[in-house]
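Welcome, and take a moment to look at the sequence and the model below.

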Amino acid sequence: MDLILPDFGLLVWTGLVFSLLMFLLAKFAWKPILNAVNTREQKISEALELAEKTKAEMQALKAENDQILKEARAERDQILKEAKEAALGMVEDAKGKAKDEAAKVVESARLTINSEKAAAMAELKNHVASLSLEIAEKVVRHELSSDDKQKALATQLAGEIKMN
Amino acid sequence: MQQAGKFSSLLQIIVFALSFFVFQPFAKAAEEENFNVGEMIMHHIKDAHEWHITGPEHGGTSIYLPVILHDNGFKFFSSKYFYHGKEVTVTNKDSLTLHYMEGVGPAKGYALYHEEIYKLNNEGALHFEGEHPHNASPTDLSVTKNVASLLLGSLLILIIMLTVAGFYRKNGAVAPKGLAKFLEPIIVMVRDDIAKANIDKHKYHKYVPYLLTIFFFIWINNMLGLIPIIPGGANLTGNITITLFLAFCTLLVTVFSGNKNYWGHIFWMPGIPVPMKIFMIPIELIGIFTKPFALMIRLFANITAGHIIVLALISIIFINKNIAWAGLSVPMALFISVLEILVAFLQGFLFAMLSALFIGAAVEEAHH
């Protein structure tokens with residue numbers, strides 16, 4: 001029967017010891033332990049949150065980089081294309097100019113040749129004319145060297161005129 | 001495989017040898033007189049003024065614990081003045097032979113009968129009515145086996161927990177190591193799965209220290225009780241006084257935490273007709289006490305039953321007076337002992353869990 005009857009002495013001791021234990025544990029054990037655990041849990045959750053945020057930021061950054069890279073690539077292609085076009089244009093231009101220049105040179109050469117030719121022809125003509133005059137003079141002189149010959153010529157000329 | 005077989009047989013021999021060593025006194029007792037299993041078991045699960053180590057019940061090796069009596073002022077003396085006192089044999093009216101120990105020296109004038117201290121009457125004897133003496137009892141505040149075990153267990157909890165607290169104090173909020181690594185998941189379990197799961201999330205914080213204390217108090221003392229030799233073996237958490245006190249603490253916490261909603265449900269249950277409301281009042285009032293009462297009985301019965309089963313299984317050997325029975329009784333006792341390790345944890349968990357549940361119900365806000 002006394003197995004299920006509480007004992008006063010033990011009850012007093014239990015009350016004393018348990019209260020003291022509760023007080024000491026609450027003050028010197030549970031408080032620091034729970035504080036440390038809570039702090040750490042908070043730290044961990046904050047770190048996780050930060051990691052998540054950083055990851056998102058990294059992703060955004062990467063996307064941005066990709067965009068920039070893509071744009072840069074497009075720009076480079078554009079520049080290259082333009083450069084090629086410009087080079088081609090320049091070559092075309094140069095070609096055209098050279099052709100024009102050559103044509104001009106040829107033209108001016110021709111003109112010079114023509115004018116030189118004309119000049120030469122004129123000189124030749126003058127020369128021929130003076131030569132002819134000289135010959136004519138000589139002939140005339142020869143023809144008119146005696147009176148007889150002068151008369152004959154005059155007659156001949158007069159005869160020719162008559163025939164006309 | 002063979003290694004494991006060798007190991008388990010070695011283990012069996014050790015367990016057998018140990019159990020033989022521990023229960024040797026009863027073997028001797030069995031030789032002298034008829035071995036009384038019930039008496040032996042009762043003697044073991046009840047409190048005592050000595051802490052028996054080995055040898056026969058009288059004249060064996062024991063630690064004699066201090067006796068503190070309040071009887072017109074305090075009296076302190078060792079219990080050896082009872083155990084080494086004068087053994088008196090009387091025969092009562094029903095011709096029952098009863099033994100009690102009359103104190104000598106500083107214990108003069110007192111007698112110890114079934115671990116209870118009585119004052120001797122004018123004739124210097126105990127006067128029996130049936131099996132119980134009708135003498136006056138002084139207030140017994142002795143450091144009994146259970147008190148010593150209580151002090152030891154509490155000291156152990158304090159050392160363990162202060163070590164853990166010291167780790168955090170020294171290292172700050174870092175990943176735990178050593179003892180802290182082992183205990184932190186259990187502390188977090190009590191906080192999250194016991195307190196937070198049952199009590200409103202804004203109010204659970206202030207109950208966590210209480211729940212942690214009762215959980216570890218019950219668990220560690222249960223474990224100490226499973227150790228068959230000193231400093232264990234006391235049936236502390238299987239003592240009705242301890243479980244009564246713990247259940248009373250939960251009752252106090254519950255009653256003083258109770259809010260308007262809680263008392264409203266007890267004295268004027270909402271949602272039922274008025275005659276039913278009146279009818280429910282006594283039922284709900286009794287309910288306040290039956291909940292902690294169940295806590296008290298559950299812990300007491302579980303732990304005491306565990307001790308009784310182990311002792312009863314070992315007693316098979318001494319009942320049959322044949323050592324061959326150890327082949328049956330020792331493995332069975334070992335199995336129960338291992339089961340008791342689980343029960344030790346489970347009972348601590350249940351006590352804390354149900355306490356949290358009652359507190360949670362008391363602080364719950366109305367939500368309809």
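Let us begin with Asn72(B), which counts as exposed because it has 7 C-beta neighbours inside 10 Å. Here a residue is buried if 20 or more other C-beta atoms lie within 10 Å of its own, exposed if 12 or fewer, and partly exposed in between, with C-beta atoms placed from the backbone. Asn72(B) lies in the loop between β3 (66-70) and β4 (74-78) of chain B. Its phi is near 55 degrees, a positive value in a residue other than glycine. For comparison, most residues other than glycine have a negative phi, and most peptide bonds are trans.

A word on how to read all this. This is a predicted model, in which local features need pLDDT of at least 70 and side-chain atom pairs count only at pLDDT 80 or more, while totals for chains, interfaces and linings use all residues. Residues are numbered from 1 along each chain as its sequence is written, and chains are lettered from A and ligands numbered from 1 in the order in which they are written. Helices (H or I, at least four residues) and strands (E, at least two) are DSSP runs, numbered from the N terminus.

You can find His114(B) in the loop between β7 (110-113) and β8 (116-119) of chain B. It counts as partly exposed, with 16 C-beta neighbours inside 10 Å. Another loop, between β1 (50-54) and β2 (61-64) of chain B, holds Gly60(B). Gly60(B) is partly exposed, since 15 other C-beta atoms lie within 10 Å. The C-alpha atoms of Gly60(B) and Tyr118(B) are separated by 24 Å, and the two residues are 58 residues apart along the chain. Glu129(B), in contrast to these loop residues, is found in strand β9 (residues 128-129) of chain B. With 9 other C-beta atoms within 10 Å, Glu129(B) is exposed.

Now step back to chain B as a whole. It has 11 helices and 11 strands, and its C-alpha atoms fill a box of roughly 70 × 65 × 45 Å, taken along the principal axes. Of the 368 residues in chain B, 35% are buried. Two residues are in contact if their C-beta atoms, placed from the backbone, lie within 7 Å. Among contacts in chain B between residues at least 6 apart in sequence, 58% join residues at least 24 apart.

Where do the buried nonpolar residues gather? A nonpolar core is a set of buried Ala, Val, Leu, Ile, Met, Phe, Trp, Tyr and Cys residues joined through C-beta atoms within 7 Å. The largest one has 59 residues, and Ile33(A), Ala195(B), Tyr207(B), Leu211(B), Ile214(B) and Phe215(B) touch the most other members. At least two residues of this core come from each of α1 (8-143) of chain A and α5 (145-171), α6 (178-198), α7 (208-226), α8, α10 (274-320) and α11 of chain B. The most come from α7(B), which gives 10 residues. The axes of α6(B) and α11(B) come within 7 Å and cross at roughly 30 degrees; axes are lines fitted to C-alpha atoms, for helices over the stretch in contact, and angles run from 0 to 180 degrees between N-to-C directions. That makes α6(B) roughly parallel to α11(B), a term for angles under 35 degrees, with over 145 counting as roughly antiparallel, 65 to 115 as roughly perpendicular and the rest as oblique. In α6(B), Val190(B), Ile194(B), Ala195(B) and Asn198(B) meet Ala352(B), Met353(B), Ala356(B), Leu357(B) and Gly360(B) of α11(B).

Helix α8 (residues 240-257) of chain B also packs with helix α11 (residues 326-363) of chain B, at an angle of about 20 degrees and with the axes 8 Å apart. That makes α8(B) roughly parallel to α11(B).

Finally, look at how the two chains meet: 31 residues of chain A are in contact with 38 residues of chain B. On the chain A side there are 24 nonpolar, 4 polar and 3 charged residues. In this grouping, Ala, Val, Leu, Ile, Met, Phe, Trp, Tyr, Cys and Pro count as nonpolar, Asp, Glu, Lys and Arg as charged, and the others, Gly among them, as polar. Between the chains, α1(A) and α5(B) pack at an angle of about 10 degrees, with their axes 8 Å apart.
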